[in-house]
Amino acid sequence: MALNKKTEFPESIQRMASFTKLLSHPARLAILEVLAKRQTCVCGEIVEILPLAQSTVSQHLKELKEGGLVKGEVEGTSSCYCIDWENLSKAYEEFSEHIALIKQYQTKQKGNCCE
């Protein structure tokens, strides 16, 4: 069985990988857009807006919450969610810094090295 060598990478790279994986599904991006547009906690309306089943929306919300991008409270049979703007901002800043770090190695030559 292959060993998972993920932990051998720097923690910052592991966080970026987790962040990008979390945002890699279009449903999660759509859910974040819905939550951002509402600018308030959203309770159950996401299923009415997106072409997804309740169970699918719930699973994606669960992953967004576990990833720290969404806050949520369960009250009886209803759940209310909103974006965790502090965590989203931190992740965005770290992602931007990582892309800038990669781009610093971009050559000033015109064209692509593989052309």
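1. Strands E2 and E3 pair in the antiparallel sense over six bridges; two strands count as paired if DSSP finds at least two bridges between them. Val-70 has Ile-83 as its bridge partner in E3. Helices (H or I, at least four residues) and strands (E, at least two) are DSSP runs, numbered from the N terminus.

2. The model is a predicted one, in which local features need pLDDT of at least 70 and side-chain atom pairs count only at pLDDT 80 or more, whereas totals for chains, interfaces and linings use all residues. Residues are numbered from 1 along each chain as its sequence is written, and side-chain values use heavy atoms, with hydrogens and water left out.

3. The protein chain contains five helices and three strands, which follow the pattern α-α-β-α-α-β-β-α along the sequence. Of its 115 residues, 24% are buried, where buried means under 20% relative accessible area, exposed over 50%, and partly exposed in between (1.4 Å probe, protein chains only). Among contacts between residues at least 6 apart in sequence, 52% join residues at least 24 apart; a contact means heavy atoms within 4.5 Å.

4. The three strands form an open antiparallel sheet in the order E1-E3-E2. Its edge strands are E1 (42–43) and E2 (70–75), each of which pairs on one side only. Strand E3 (residues 78–83) also pairs with E1 in the antiparallel sense, over two bridges. Within that part of the sheet, Tyr-81 of E3 is the bridge partner of Val-42.

5. Helix H2 (residues 26–38) packs on this sheet and touches E1, E2 and E3; its direction makes about 85° with that of E3. Axes are lines fitted to C-alpha atoms, for helices over the stretch in contact, and angles run from 0 to 180 degrees between N-to-C directions.

6. H2 also packs against helix H4 (residues 54–66), at an angle of about 80° and with the axes 10 Å apart. H2 is therefore roughly perpendicular to H4, given that angles under 35 degrees count as roughly parallel, over 145 as roughly antiparallel, 65 to 115 as roughly perpendicular and the rest as oblique. H2 contributes Ala-27, Arg-28, Ile-31 and Leu-32 to the contact, and H4 contributes Val-57, His-60, Leu-61, Glu-63 and Leu-64. These residues divide into six nonpolar, one polar and two charged. Here Ala, Val, Leu, Ile, Met, Phe, Trp, Tyr, Cys and Pro count as nonpolar, Asp, Glu, Lys and Arg as charged, and the others, Gly among them, as polar.

7. The structure holds zero disulfides, a disulfide being a pair of cysteine sulfur atoms within 2.5 Å. For Cys-41, the closest cysteine sulfur is that of Cys-82, at 3.8 Å, which is too far for a bond. Cys-41 counts as partly exposed because its relative accessibility is 42%.

8. Gly-72 lies in strand E2 and counts as buried because its relative accessibility is 19%. Not counting residues up to four places away in sequence, Gly-72 touches Lys-65, Cys-80 and Tyr-81. The C-alpha atoms of Gly-72 and Cys-41 are separated by 8.3 Å, the two residues being 31 residues apart along the chain.
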